[in-house]
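Thanks for passing this one along.

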Amino acid sequence: MSATGSQATRENKSAVPRGRTPLAHLLHALNQPLTGLQCSLELAVAGPRTSEQYTHTMRDGLELTARMRILVEAIRELAEGEQPETEAMEILSLDGLVRETAGDLRPVAEAKRVEIALSGNAPLPVRAGRQMLPTLIFRFLESALSLAEEGSVLRIAMERRQEDGRVAVSWDEGKRLPQYSPFSRPELGLLIASAGWRRVGADWTSEGTEGLHTVSIRLPLASFSNAL
């Protein structure tokens, strides 16, 4: 891939084009490795080939299959997430769940030599499902941690903005792109997380400048006294 292509991939990630749903975006992305696999197999049976050529074709086919497997897993997860929500809504502590999840991920971060830096003490009560919200937070932070460069800092800032609670996660992406970028597992994890947060009424923004990537979610706050 050229330097220009790498930069475009780093800036755009697996961002969904305007007017297309995340599911439609992934189905469209699946077409590329599927077409590549078909062409590779057609070449393999087109005529006599050396053992080295067959080996090369098999390796290409396995790589394309791995790419499709990752996309299919993401498509399945997105499709399951679009099912009607039946979980009862409760008042939950967004800031508390973020801190708890960050604590659970610290052993993974330490193994990767990534420091998790938390900031913000304002209480952020939100109305959400007791199972859904922790799942969204974990998927969000786990994907960001996976994308953070080894030896860097994953910054998680929480703040209250009038009627909204905001969680901003920033990380240094480094110079090395993930395998199968922009449709690697952690990048797709962010895509799936963004779809989930939007389903629960949150605003999701993503921006990157010179290797530093920041994703913010903003969710309406609930009142413990009158939200029930």
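The points below go from the whole chain to a few particular residues.

1. A friendly reminder to begin with: this is a predicted model. The mean pLDDT of the protein is 87, and 90% of its residues reach 70 or more.

2. Please take care at both of the following stretches. Over residues 1-13 the pLDDT stays under 50, and the model has 17 contacts beyond four places in sequence for them. Residues 224-228 also stay under 50, with seven contacts beyond four places in sequence.

3. Now the overall layout. The protein has six helices and seven strands.

4. The protein has 228 residues, and 39% of them count as buried. Among contacts with a separation of 6 or more, 75% are between residues 24 or more positions apart. The accessible surface comes to about 13,300 Å², with 52% of that belonging to carbon and sulfur atoms.

5. Strand 5 deserves a look of its own. This strand covers residues 164-172, and seven of its nine residues are buried, so the rest of the structure largely encloses it.

6. Which strands pair with strand 5? One is strand 4 (residues 153-161), which runs antiparallel to strand 5 and is joined to it by seven bridges. Another is strand 7 (residues 212-220), paired with strand 5 in the antiparallel sense over nine bridges.

7. Val169 is a handy residue for tracing these pairings. In strand 5, Val169 is the bridge partner of Ile156. Val169 also stands opposite Val215 in strand 7.

8. The turn between strand 4 and strand 5 is worth checking too. Their hairpin has two residues between the strands, and Gln162 there takes a positive phi near 55°.

9. Lastly, the aromatic rings. How many aromatic pairs does the count come to? The count comes to one aromatic pair. Phe140 and Trp204 form it in a tilted arrangement, 5.1 Å centre to centre with 50° between the planes. Phe140 belongs to helix 5 (residues 132-147) and Trp204 to strand 6 (residues 203-209), so the pair ties together parts that are 64 residues apart in sequence. Both Phe140 and Trp204 are buried.

Terms used: Residues numbered from 1 in each chain as written. Predicted model: local features only at pLDDT ≥ 70, side-chain atom pairs only at ≥ 80, totals over all residues. Heavy atoms only, no water. Helix = DSSP H or I, 4+ residues; strand = E, 2+ residues; numbered from the N terminus. Buried < 20%, exposed > 50% of the residue type's maximum accessible area, 1.4 Å probe, protein only. Contact = heavy atoms within 4.5 Å. Areas by Shrake-Rupley, 256 points an atom, 1.4 Å probe, with all protein chains shown as cover. Pairing = 2+ DSSP bridges. pLDDT = per-residue confidence, 0-100. Phe/Tyr/Trp six-rings, centres within 6.5 Å; stacked < 30°, edge-to-face > 60°.
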